[in-house]
Amino acid sequence: MKKSITKGYIINIAVIAALMVGFELIKSATGDSQTFKLILVPSLWQCCYLIILAASLNLVLGFLGQLSLGHCGFMAIGAYAAALISLACERAGVFADKSSFSFILVLLGCILAAGILAALIGLLVGIPALRLRGDYLAIITLGFGMIIVNIINNLPFAGQEGLSLGSASASLYKNGLGFGTASKVTFVWVAIIVTLICLTMMFMFIRSKYGRAIKAIRDDEIAAAASGINTSYYKIFTFTYSAFFSGVAGALYACANATLSTSSFAFTNGGILNSTFIVVMVVLGGMGSLTGSVISAIIMFILNYEIKNGIWVKSLTGFLGGMFAYPMLVYAIILIVVIMFRPKGIFGTYELSLVNLIKDIKNYRAKKSKKPDKKEAK
Amino acid sequence: MSTFIQTLIVGLRLGSIYALVALGYTMVYGIIRLINFAHGDFIMVGGYTMIFTIPVVLALGLPAWSSALFAILICAVVGMSTELVAYRPIRKRGTSMTALITAIAVSLLLENLAQAIPAIGPNPVVTSQIFSTGGFSISGVTMEWTTVLTIVISAVVMVVLYQFTQKTRLGRAMRCVSEDKEASILMGINVNNTILLTFAIGSGLSAVAALMYIAQYPKVYTTMGAMLGLKAFVAAVLGGIGIIPGAMLGGLIIGLVESFTTSYVSSSMADTFVFLILIVVLVIKPAGILGKNVGEKV
């Protein structure tokens, strides 16, 4: 048993290291080209925070079985916290140049602080909210998400127009964590490492005692309580844990964008970032599969990118062209189609594991080859 | 003092619009236990129907408000087809969670589909005046005719609806289905048709709310229903979801809270207070003001 766990760690670390080396090779080969700087690196940043967001919502939606519609509120807290702390550091003159070691410390500190603040607010929200379940929980989290955004709007130092136009001026924020193209390329490893650490923490969480407990709560809350699981403790813990990661995602978002505005964190808007979009990602990937969330975050990012920038979209005319002018329409259709025809999502509850991959494929093939036999027998 | 009364009147007017929308929410929730997120967008459908039918109606020599009849018809059709196409298949196979996600998806679909239709587009459209302008004023307090009509019409609609659910056969059937679906099948009630009727009535009410809304704020845009619908849902939860008098009470309270915060605290904080009330109510008394706590059966 123990041997296979060690084996798993070694395989995973080896694969990650191989991927990182591959990325470095690509970087050294094409590092100066415009495609790399302006398309590939920003895309990586976006993918990173989308992956963390989708996976963290999946903890609540897929594993705990509670619909939270205010996930972007926690992300907004993380983003604003990271931006404001970095601004404060900037004003205190902690990091003059971005290559120094202290800058990286501040950067990681900001990300951690953003996560912890979001987790604290998540705890405060979770204690009253998780007394309810189902529809009421959805509505109350939606309400909290709106309140958070509304309060940030009314903060004197954050401002309605966002950090770029509010009391903190754009140039200051850009000197803080708001990365320009060059810094994005330099610090892309931070985003990747943070995403990997977050994913590892979430995988470990769902395989631990906590993960088994919340799956039991999802399947039957009354039975779980009867078996001695402290349901409210586990629910609030999961909610807080999930809020932590959305705060981290918010901090990454703050790094990747030189301006922040609360309208990006609303319940629905035309852009890629809203609570509904995260729900679409989780449902598409499969409620209860972190692998699914990662894959579907990447799929949805590519889809969004294609809708916004693809050449084939521009060639469409008439109603079809109008349809692609409003990406949320496409996502709504995807959501309905997935819910109707494959409610489990792409992966269902399947988790990818490199150790078991070969075994899983073999089992799948065996299942597939068995099916036709049955029909013949009939 | 006159500011206070003016605020009170504004609150009542807003509240009666919320109450009308909340009635639709509460009826649908009461019967199928599903938050119909798309309900707010039925208001938008009603608004645009009126935009397109007002010129027709005026050409026929009828008053502008009669276009609301078309709006009610269209909204009822949209509501029923939503139930038939999206909610009914999901209800048969999925869990309550998938049904809720479908409702969100339908809401998004309606909003964005409207934007994608070239004749509607994303920009707001300004409507013509629906009711006659003017009003009267008593000791510094101005009452516009629109305000009076809004409050009176919604009060009448609510009373009629309440009597409908209490006295008529169809209304009784609706109450039966919301209480116990299996038992009402045994009593010979056609459950699916009753649910369809509930959707039709609820969506029709949202068209009436659309009339009131654009009589007051003569602007129609595709996301007009989103916030209105959410606040109306808050109203329905506040009063006790599934209970018709509760929806009226909740609507009026939400309207008053909103108008008083707007005029005495800050206009940008009004939404915060509305949702704060929801949270306080859900924490203290999840069944709502008029609701009764029901124990869970294992």
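**Chain contacts and local features of the predicted model**

In the interface between the two chains, 37 residues of chain A are in contact with 35 residues of chain B, two residues being in contact if their C-beta atoms, placed from the backbone, lie within 7 Å. The model is predicted, with local features requiring pLDDT of at least 70 and side-chain atom pairs counting only at pLDDT 80 or more, whereas totals for chains, interfaces and linings use all residues. Residues are numbered from 1 along each chain as its sequence is written, and chains are lettered from A in the order in which they are written.

On the side of chain A that touches chain B, at least two residues each come from α5 (135-154), α12 (275-285), α15 (318-325) and α16 (327-341) of chain A, helices being DSSP runs (H or I, at least four residues) numbered from the N terminus. The most is given by α5(A), with 12 residues. This side of chain A divides into 26 nonpolar, 9 polar and 2 charged residues, where Ala, Val, Leu, Ile, Met, Phe, Trp, Tyr, Cys and Pro count as nonpolar, Asp, Glu, Lys and Arg as charged, and the others, Gly among them, as polar.

Within chain B, helices α5 (residues 145-167) and α8 (residues 191-216) pack at an angle of about 170 degrees, with their axes 10 Å apart; α5(B) and α8(B) are therefore roughly antiparallel (angles over 145 degrees). Among the residues making this contact are I153(B) and V157(B) of α5(B) and L205(B) and M212(B) of α8(B), and the contact residues divide into 6 nonpolar, 4 polar and no charged.

Technical notes: Axes are lines fitted to C-alpha atoms, for helices over the stretch in contact, and angles run from 0 to 180 degrees between N-to-C directions. Angles under 35 degrees count as roughly parallel, over 145 as roughly antiparallel, 65 to 115 as roughly perpendicular and the rest as oblique.
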